[in-house]
Amino acid sequence: MVVCLIYKIYTILIEAGVPESIYGVSNMYLIVTNNQLCLGKYGAQIKMEYLEEGSYLDVLLKVRDYLHLGWKLETHPMTGSLKPNQTPYKSIMISNNPLDQEEFYSQEITISNGIAACRKFQSIRKTPDWPEHLLEDFRIVDLSLIEGAIQRIL
Amino acid sequence: MKLELGIIPISDIQFGPESKVENGTIYVNAEELKALILEDEALQSVELDIARPGESVRIMPVKDVIEPRVKVSGEGAMFPGVISKVATVGSGRTNVLRGSAVVTTGKIVGFQEGIIDMTGEGAKYTPFSQLNNLVVVCEPVDGLAKHAHEKAVRLAGLKTADYIGKLAKNIEAEEIETYETVSVKEGLQRWPDLPRVAYVLMLQSQGLLHDTYVYGVDAKQSLTTVIMPTEIMDGAILSGNCVSACDKNTTYHHLNNPVIKDLFAQHGKTLNFVGVIITNENVYLADKMRSSDWTAKLCDWLGLDGAIVSQEGFGNPDTDLIMNCKKIEAKGVKTVIITDEYAGRDGASQSLADADAAATAVVTGGNANEVIHLPKLDKVIGYPEVADIIAGGFDGSLQADGSIIAELQVITGATNEMGFNTLSAR
Amino acid sequence: MSKLRVVHYINQFFANIGGEEKADYQPELREGFVGPGMAFNQNKEFADEAEIVATVICGDSYFNENVDSALETVMGMIKSQNPDLVICGPAFNAGRYGVACGTVAAAVNKAGIPAITGMYKENPGADMFKKEVYIISTKNSAAGMRDAVKKMAPLAIKVAKGEAIGASAEEGYLPNGIRKNFFEKKRGSQRAVEMLIKKLADKEFETEYEMPSFDRVAPGEAIKDMSKAKIALVTSGGIVPKGNPDHIESSSASKYGQYDISMFTDLTAETHETAHGGYDPVYANADADRVLPVDVIKEYIEEGKIGSLHQYYYATVGNGTAVASAKKYATEIGKKLVDDHVDAVILTST
């Protein structure tokens, strides 16, 4: 009964987006991604928020919302030298690890700059409607970029 | 550590029955070289071609550019840990086939950019339009994974450069350049009054098509460390970076690192060039913290007064650049950083993805979003269909007359962040 | 081909009328060149293509104290000459002259006539107008006249003829935030080494890219009980009482306004409007609560969620307004709010 109640509270907190470190469960990693290859390969090992129809920008905005709720950036939002109007895919790792105010400011600026850069490139030219074989290449590169970080935590 | 570079000026490359270097011309037996490259089972076929300055030729998509060199004396051989066995290079003599390069092209991923035009508007922006280029076009076996394909093309280029370089092992150099780095102790004794300066060389290290190798070690697996400038001249650092053509550092850039050359020019005169610190640009933020902490720590430990920091790539590395700059400055070491910009086609947007007030001295290689007009050229070496992707894609458009309007970012080496070019922006 | 018709704008001092005691001199139009105009007409590059046909003179105090009417008169005089080009100054480090030159040049540009000016980089007019007009970077005193004319003349001709303008470092104008590529004489690595040597010797050096500064403000303590808090509204969205009584400019605002809202529970098209020129004003004019949420605040007060709304709100226009000006307004507004015991402020932008 008590366990059930605690579980219920956790569920509510998780659904509200509050990081678990705040209520005692430590070291949870979450990958926000719109890349199905990333979901397929690591979805069973790491918690994923998969934005099926989401754009590169949607991933950044989702991550920003998490940061505002107290989550911490684990990977850089602008990974890869592919421009935000070139690749449609983005995978970003965040966690519930604690962060101090200084880190929060710096991460806030990092994600905001990422969003600004993404919008800048989109205003120059929208991401093309790439054929499937190119989309697959972009997914492979995005997966490879996030794998560098995944290997650090698994 | 002291290295002599024996400069052998090259004015032409030709195919011929016997591979040799004679009177400034490189002759290549194409069949022999192809057979050597095709020893790699990952490759199905290979084509060789030559592009000379001024010819109406476009090479695309360019993967890497490598200057042929050969060790004449001293420990080790070119490209240690990859082509030759691991041994500390950077001393003795190395012959350089100046004016020539090996250019690899390969369609590892479908969207790959990277253009070298040998004439016209585009030629002004890439330093490689001034070289006699032996182009290696590699086709992989069916179904080869991207990682394996990247590696096969990378090795094909290095093998070719090694093969060409070796042709010049016994040739008398026209000119000798000497570079020497002394021990910390000797440096302090010889130039007690000169400011101590090091070069912080940031290496691309994010993943597939974004990697750099140091003595064969993937840079993202490594901690920040110290390397002698002459080791880099002997091929200790190799590029596996194929994305963001304008600001990727090719192997040619590493071999001919302009910051190293220009610091040596002032060495013993206005400053004491202590050495090179290499650090990476990983995606994991904790790695960035660790690497930049180590960079600052090494700068401090070397007793530096100043440092030049160069970056490689777009976006993510801006954060490493700023972290390095901030932490090095915080140690009381004065910095100058070299970058390029993505300020939008109109030049009005914010140029970098990160910034800090500590970065008071910045050199820029130009705005990569600025638009240029590339004429239609007579011949394309590589994969012409890539033009359609570049033209129809994110960064350009194909005109009715066959010319391409594109952003500078498609040109290999155009906004190099080692400061290789004269291009800048204000 | 006939020469380009140029009108030159200068102040009372450079017109040899007098110094500070004549700074209230009203606008005057004279035929031909006056004072420094001679230097332009004698510049070969300039004289081959252009000629100063008239000079407009105005006292610095007069201009700055009567901006609207003075600008109107000056513009009328300029337009009467059908110029192809207008040159203002150079103003060097004279603050009010710099602001006048910037204001006139910007207005002339907006009217579709090419205009440039020149001043010292620390002249307050430089920060205010460098994004709107080409301002040649000059020395800080009139001793730099020769040098200024040498740089202003070729840029003026280019601007007038609609030719491509190079990067600031090539043409000599103050960086205006627009990045432009050009080829330097030396490669980047050499420039970096030279810059470092200067930096190490504590000598002056010029960075090629000025870092944008992110002004970090630590958030205040959270308010525990909002039901007792006194809230103020401050906006850079340009919401002003109908008719814009303080004439806050639609861009590059030179002031902010303080307005009583104690009698309003809802802003309407009859009571308020926006002075902002940087966004489509239709929705803000129809219902200014969309920018300055007085209606919602009043509802919250009614419901007991918020204690009270401060009697005054403060408004300026953020459109192109110089950061230095915005900081100055904010400091003044902040002090007033603290003095009036306001607990929290809702800042709205557009």
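The questions and answers below walk through the three chains of a predicted model.

In this predicted model, local features need pLDDT of at least 70 and side-chain atom pairs count only at pLDDT 80 or more, while totals for chains, interfaces and linings use all residues. Residues are numbered from 1 along each chain as its sequence is written, and chains are lettered from A in the order in which they are written.

Visitor: In what order do the strands of the open sheet in chain A lie?
Guide: Chain A has 5 helices and 4 strands, where helices (H or I, at least four residues) and strands (E, at least two) are DSSP runs numbered from the N terminus. The edge strands, each pairing on one side only, are β2 (47–50) and β3 (72–73) of chain A, with pairing taken to require that DSSP finds at least two bridges between two strands. The pairing in this open sheet is mixed, and the order is β2-β1-β4-β3.

Visitor: Which residue in β2(A) is the bridge partner of V32(A)?
Guide: Strand β1 of chain A covers residues 29–33 and is joined to β2(A) by 4 bridges, the two strands running parallel. Within β2(A), the bridge partner of V32(A) is E49(A).

Visitor: What radius of gyration does chain B have?
Guide: The C-alpha trace of chain B spans about 55 × 55 × 35 Å along its principal axes, and 62% of its 426 residues count as buried, that is, with 20 or more other C-beta atoms within 10 Å of their own, the C-beta atoms being placed from the backbone. The radius of gyration is taken over C-alpha atoms, and the globule rule is 2.2 Å times the number of residues to the power 0.38. For 426 residues a compact globule would have a value near 22 Å, with which chain B agrees, having 21 Å.

Visitor: Is L423(B) buried or exposed?
Guide: L423(B) has its place in strand β27 of chain B, and its C-alpha atom is separated by 9.6 Å from that of K124(B), 299 residues apart along the chain. Because 26 other C-beta atoms lie within 10 Å of L423(B), this residue is buried.

Visitor: Which residue of β7(C) stands opposite L423(B)?
Guide: Strand β27 (residues 423–425) of chain B is joined to β7(C) by 3 bridges, and the two run antiparallel. Leaving aside neighbours within four places in sequence, L423(B) is in contact with residues including Y125(B), G365(B) and N181(C), where contact means that C-beta atoms, placed from the backbone, lie within 7 Å. In β7(C), the residue opposite L423(B) is F183(C).

Visitor: Which element supplies the largest share of the side of chain C that touches chain B?
Guide: The contact takes 34 residues from chain C and 44 residues from chain B. On the chain C side, α8 (168–171), β7 (181–183) and α9 (188–200) each supply at least two residues. The largest share, 11 residues, comes from α9(C).

Visitor: How far apart do the C-alpha centres of domain 1 and domain 2 of chain C lie?
Guide: Chain C is divided into domain 1 (4–171) and domain 2 (226–348), with bounds that come from an automatic or database domain assignment. In domain 1 of chain C, 4 residues are in contact with 5 residues of domain 2 of chain C. The C-alpha centres of these two domains lie apart by 36 Å.

Technical notes:
Two residues are in contact if their C-beta atoms, placed from the backbone, lie within 7 Å. A residue is buried if 20 or more other C-beta atoms lie within 10 Å of its own, exposed if 12 or fewer, and partly exposed in between; C-beta atoms are placed from the backbone.
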